[in-house]
Amino acid sequence: MKIRVKVKHLVIAVVGILTFIPLLMTFIIPNLELYLAEKKIISGKVEDKQEILELLSTTSINKKWEIIQQYMIEDGYTGKFDIYISPSMTSWEDLEAKVMDFSWEEKLPFIIDFVENGPLNENLVTAAKTLAFYYERIGEVEKAKSTLYQASTRLASNNYSYEREELLIERIRIAKNHGQWEEANQYSQDMGENFKTLQMDSIAQLAQLKAEMLLQQGDSEEAYQEVTKAIKQYEEDYKIEREKWSDSDDEITLENYPYYQRLKSFEQTLSVLKARGGVGNVVKISGRIVKSDGTPLKNIGVFLKEESDKNHTIRPDEKYQTLTDNDGYYEFKGVIPNNYQLAIGVHYEQISGWTWVTDMYDTVEIDGSKDDVTYDITLQKLIAIKTPVNEEELVDNTVHFEWEEVEGASYYELGFGYEIDGGWIGTGSISNIKESQADIPVEDIYNLQGGVAFGDTDIVSPKSLLAYTHPENRYYWKVAAYDENGKIITKSDGALLDDQSYGNLPFFYLKQRELTTTDQLLIDGKIQEALNEYKENYKQNPDDLHSLRMIIRLIGIEEDHIHDRDELAISYMEDLAMKAPSPFNIHEVFLYYFNQRDWELFHKWFELYRKQVDILDEYDQSLYATVLMMKGQHREASSQFAEAMAKQGDNRYVGYWLANELYLNDDFNHALEIAIEYPPYGYGEIVPNWVQLVSKMAEESKQSKAYHQEMREILTLYFANQEEEMAKWRRETEFTNLKNFINALDDVN
């Protein structure tokens, strides 16, 4: 059995998880308009909207289409925004790439012209879908469908079958969203008759649309059959396509195909509905976006992303997208049951001084039990920081941090990062600070784990290894405020455009120590020599915490020893955890013993960790529950799993909880309730469909009276990590679905 740990808690040795932050956009953007004006003058781009509109009436026809495409079509239905924010990720547009934002009144006649008379290419698809979006938004549904159809006929004389399919599928989607099911089915039938062969993505989309209509009409069972059939067809088509690329080195898997992912996600939703024995209604999702002072935010882009697709940046052709009206309201109709995340697109001037605080696990759960769902967003004012600021050089052994007090805050968390090779690595935090100021020992900052950056030549950056102990590194800090339930209220990092920013740049230097001769060896790229000297330094002086930290960071960094890294480092990790008992240092030790399945030493270090933190998060408590389960303490494990999953998290260990409950209670209905209530949220990966797995086991169990006994026996072997006996059972068992469940446990990470 494989037990893998959560990435965010790994000691970063050779490959670090780096957060290269575009600092100008994340912390402060002083005098944006002046910045942009200067860039335009330097580049000779001094045109404004009026100049472009005038140019459209005087330029050559080919240039005219280029201008319309660049400024009015290319950015999709809702336009292009400076910042896209969702619970899972935030992305920024380059300041130099900022384009002019034309209103619909300004660009509508030009888009119509492009759709009717523009060049026959893929840009016509974007233009037609953009125009259809506009018509649908103002209630002219028939005009929207007609626009798509007419554009498809313009492409019929050229070799643009894929583009035609895309337009006609969008027409079906609009008809479906407005309950025009007979019409939508006729459109779909026409496509099958008029195209000799359809693209595999088109087939997948048509199948999903058909399943959605079946669901809307109350037939969840047939919808489920339609989706499972489409998934099987997609997998077969994919296999055929891969055989054509047999000589290619591309490692493209099904995870890279968004329409396949959407089918899999929909299958999971339908399996939940099937398990509940109910019918899932499509719903309307609506809400309002305002600032905390009540100011509504108009023309904000709003995007509804499926759970399987939430880690992708916003694309111009997002399935669910709209704009807020003048009062900040938005609305999506015809949303099928699924788990979604809401994302917003804003311009810098709309969010300057404000932030949308959200948790990466925030999800809009649509289970089909309600007709309407409301999801409001309130932007909060950024926390003003006071000290240290403006690249202050600090020399004391304690650093005084101070910031604006936040009403309702139960505690604060400080985050840190440092500049490296033109980027910024955001790593490490110090939490549970009760006041709006804190005196932090420099040693605590030194202990924060850094990342490992590589240059163009794949040579590790010594500055990144020295992290917070390099006196020439420039550091930044940020603060977040949390309420008594651990929910974030607001934070300090965000966009600022006004002049008040100038006194509050969150940068500082730590000048308490000087580089040693051993540090200089590291800076000179002599990593192994430096490691040997750090070891000797620590041997001669057991209180030399800097050498101890550097040994842990450098040990095993040579390629031949990467796989031995934890084994080589553990004794030093234990020393550091005892001499500098921070939560992070102790956490790395008990994680090591978790992976080694040494439950006695895990408990020793885990108890030390619990004394350091007030509340266990979902991840750590799930680890503890897992160990109890593996040791046979199933009732206590059940209690710990229940407490852990009740906390907001990604539910990645729910599979272990299900295994524990099935062993303890032998009750598929109870396990099914847990699987439905706590779906795992995978980030860029396919996660097990526990609802489907448990449902199929329940059906399979009816075939044999010996099923429950065999299930209990194999779970006993699994908990005891009896790999040889497990392998023998996998070869011999007749219970395919039970085997699938056990195999899925190996993917719990």
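## The nonpolar cores

The largest nonpolar core has 84 residues. Such a core is a set of buried Ala, Val, Leu, Ile, Met, Phe, Trp, Tyr and Cys residues joined through side-chain atoms within 4.5 Å, where buried means under 20% relative accessible area with a 1.4 Å probe, protein chains only. Phe641, Trp690, Leu715, Phe741, Ile742 and Leu745 have the most contacts inside this core. Helix α22 (residues 618-630) gives the most to it, with 8 residues. Helices here are DSSP runs (H or I) of at least four residues, and strands (E) of at least two, numbered from the N terminus.

A second, separate core holds 50 residues, including Tyr234, Leu263, Tyr330 and Ala495.

## A look at Phe741

Which residues touch Phe741, leaving aside its neighbours within four places in sequence? Among them are Gly655, Leu658, Trp690 and Met697; contact means heavy atoms within 4.5 Å.

## The whole chain

This is a predicted model, in which local features need pLDDT of at least 70 and side-chain atom pairs count only at pLDDT 80 or more, while totals for chains, interfaces and linings use all residues. Residues are numbered from 1 along each chain as its sequence is written, and side-chain values use heavy atoms, with hydrogens and water left out.

The protein chain contains 29 helices and 20 strands. Of its 749 residues, 52% count as buried. Among contacts between residues at least 6 apart in sequence, 70% join residues at least 24 apart.
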